[in-house]
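Q: I have a model open and want to learn how to read its features. Where do we begin?
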Amino acid sequence: MEKKDMLIEWLDGADENTEIGYFNPNGQQCGGHCGVEGTDNNQYAYKTECTYCGYVYGTNGSDMHERKCPQCQGGAPGIRYWRIVEK
Ligand SMILES: [Zn+2]
């Protein structure tokens, strides 16, 4: 078997609050989603980065505009945003 790097494509969400590069008022930046469902209805889980402390975590698209960092702003724990690779 040929070993391949895992290719993940990060995608923008449907609205401006979930576009890659979006910053919310708390300094949390949207990194897009890779097709993983969030924990809220019909939401994707977005990779989110805190621009204050660098913590990376997952956020439902519906929460992106008001998300706070779990690490330095007392926000809710992140959700899984990464794909689980099947073996
Ligand atoms: Zn932070």
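A: With the nonpolar core. This is a predicted model. Its largest nonpolar core has seven residues: Tyr22, Cys30, Tyr44, Ala45, Tyr46, Met64 and Tyr81.

Q: Why look for such a group?
A: Nonpolar side chains tend to be buried together in soluble globular proteins. Here, Cys30, Tyr46 and Met64 are among the members of the largest core.

Q: How many helices and strands does the protein have?
A: Zero helices and three strands. From the N terminus on, the elements run β-β-β.

Q: In what order do the strands sit in the sheet?
A: The order is β1-β2-β3, in an open sheet with antiparallel pairing. β1 and β3 stand at the edges with a single partner strand each, so one side of each has no neighbour in the sheet. From one strand to the next, the twist averages 40°.

Q: How many bridges join β1 to β2?
A: Three, and the two strands run antiparallel. Strand β1 covers residues 28–30. For a landmark, find Gln28, which stands opposite Cys50 in β2.

Q: How many bridges are there between β2 and β3?
A: Five, again in the antiparallel sense, with β3 at residues 56–60. Glu49 stands opposite Val56. Lys47 has Gly58 as its bridge partner. Tyr46 stands opposite Thr59.

Q: What should I check in the hairpin of β2 and β3?
A: Check the backbone angles between the strands. Five residues lie there, and Gly54 takes a positive phi near 85°.

Q: How do I judge whether a strand is enclosed?
A: Count its buried residues. The cut-off is 20 or more other C-beta atoms within 10 Å of the residue's own. In β2, residues 45–50, five of the six residues pass, so this strand is largely enclosed by the rest of the structure. In β3, four of the five residues are buried, so β3 is largely enclosed too.

Q: What share of the 87 residues is buried in the protein?
A: Buried residues make up 28%.

Q: Why is Ile84 counted as exposed?
A: Apply the other cut-off, 12 or fewer neighbours. Ile84 has 7 C-beta neighbours inside 10 Å, so it counts as exposed. Ile84 is found in the segment after β3. Now look across to Val36. Ile84 and Val36 are 48 residues apart in sequence, and their C-alpha atoms are 9.1 Å apart in space.

Q: What share of the contacts joins residues 24 or more positions apart?
A: Such pairs account for 29% of the contacts with a separation of 6 or more.

How values were computed:
Residues are numbered from 1 along each chain as its sequence is written. This is a predicted model: local features need pLDDT of at least 70, side-chain atom pairs count only at pLDDT 80 or more; totals for chains, interfaces and linings use all residues. Two residues are in contact if their C-beta atoms, placed from the backbone, lie within 7 Å. Two strands pair if DSSP finds at least two bridges between them. Axes are lines fitted to C-alpha atoms, for helices over the stretch in contact, and angles run from 0 to 180 degrees between N-to-C directions. A nonpolar core is a set of buried Ala, Val, Leu, Ile, Met, Phe, Trp, Tyr and Cys residues joined through C-beta atoms within 7 Å.
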